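Let's take a walk through this one together. Have the viewer ready and follow along.

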Amino acid sequence: MRPQSRTLIAVATLAGVILTAGCARQETDTGKTGTKPQAVTAAPDAKTVEHAAAFERRLREWGADSTIRADTLARKDAGSVLASLHGTPPADDPATGENLPARQADAGPHAANPACRAYRRLDQVGDTGERAWCADGLDAAAWLARIAWGYGSRWTDGPHAAADGTGVRVTGTVRFMYLAGNQNPNTLHVDDWWGITPTWIDYPVDDRLTVRDGRITGIRHRQADPWWIDPWLGVWDTDIGDRMNGRGRVGIPVKGEPDWGTLTGDGLTVIPPETRFMADENVDMSLWGSIPVRVGDGQSCQNPGYC
């Protein structure tokens with residue numbers, strides 16, 4: 001064999017060795033040899049799905065029982081009705097023991113009250129009342145207790161939880177109840193009958209939760225998520241009163257004048273209707289149907305058939 005042929009064979013042999021080594025490295029780099037960690041692709045087990053549902057229940061159920069029916073309160077004494085609707089601040093933080101990202105500084109019931117936060121953001125001197133809101137050092141929960149009487153949410157459908165890829169999808173409906181209270185002398189009343197007008201609103205919930213090692217690590221909302229149905233993770237604002245007006249309000253006749261305690265009027269109060277004919281208020285006044293409501297000299301009647 002000529003020397004040139006031997007040289008070609010040697011080059012070919014060397015190329016084969018290099019190619020073989022390269023393939024070996026490629027196999028290692030793609031993880032085929034098990035040297036590279038694999039992404040978690042397993043679907044959540046039943047225990048994880050159950051944990052996600054329990055977390056969502058704790059997250060969204062707080063305050064007064066929003067499933068109470070307005071017709072069960074009509075014609076009762078004002079004190080007992082107000083006691084049934086009285087809200088309490090959120091108690092147990094559902095994020096305790098989970099591994100969620102740090103929440104925003106303004107989120108949750110223990111952040112600074114939103115009225116003070118808005119006042120500072122506007123960088124205005126404000127009047128004495130506004131300065132007092134900030135000087136008192138109220139947290140958000142204490143602020144809400146000053147401006148509203150009743151508030152709370154409950155699941156009315158769900159929470160329904162199911163594996164969604166590597167996460168858990170939680171769906172259902174949460175009902176929120178809000179009663180601001182009012183010192184307005186024009187609140188609907190006649191003789192010893194007075195009207196209070198709570199608001200009930202249903203919100204659809206569609207969340208995707210990520211869970212790792214048995215703990216919630218993230219939550220993504222696919223529906224609107226106002227802070228009053230997510231009080232621990234949401235950032236509180238002062239829009240609650242405005243956003244309750246004209247939505248799902250029911251006029252409830254009660255016996256005796258309601259005592260709103262130490263509630264303060266700060267412009268966030270939902271104003272009750274002055275008469276049963278205020279259709280623009282979008283208040284269901286059907287529970288007043290059996291109340292003899294007279295006005296003026298007693299000759300005119302707001303409730304024909306019952307006067």
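Where is the place of Ser 153? Ser 153 sits in strand S2; strands here are DSSP runs of E with at least two residues, helices runs of H or I with at least four, both numbered from the N terminus. Before going on: this is a predicted model, where local features need pLDDT of at least 70 and side-chain atom pairs pLDDT 80 or more, while totals for chains, interfaces and linings use all residues. Residues count from 1 along each chain as its sequence is written, and side-chain values use heavy atoms, leaving out hydrogens and water.

Ser 153 is buried, at 0% relative accessible area (buried means under 20%, with a 1.4 Å probe and protein chains only). A polar atom of its side chain lies 2.4 Å from the backbone oxygen of Arg 60. Among the residues Ser 153 touches are Trp 62, Phe 176 and Trp 228, a contact being heavy atoms within 4.5 Å.

Hop over to Trp 228, which also touches Tyr 203, Ile 240 and Met 244, among others. In the largest nonpolar core, of 34 residues, Leu 144, Phe 176, Tyr 178, Trp 228 and Met 244 touch the most other members. Such a core is a set of buried Ala, Val, Leu, Ile, Met, Phe, Trp, Tyr and Cys residues joined through side-chain atoms within 4.5 Å. Elements giving two or more residues to this core include strand S2 and helix H6.

Now for H6 (residues 140–147): its buried residues are Ala 140, Ala 141, Trp 143, Leu 144 and Ile 147. Down the helix axis they fall within an arc of 160°, so they line one face; the arc is taken from the directions from the axis to the C-beta atoms.

Technical notes
Buried means under 20% relative accessible area, exposed over 50%, partly exposed in between (1.4 Å probe, protein chains only). A polar contact is a pair of N or O atoms within 3.5 Å; within protein, one must be able to donate a hydrogen and the other to accept it, and residues adjacent in sequence count only if both atoms are side-chain atoms. Lists of a residue's contacts leave out its neighbours within four places in sequence.
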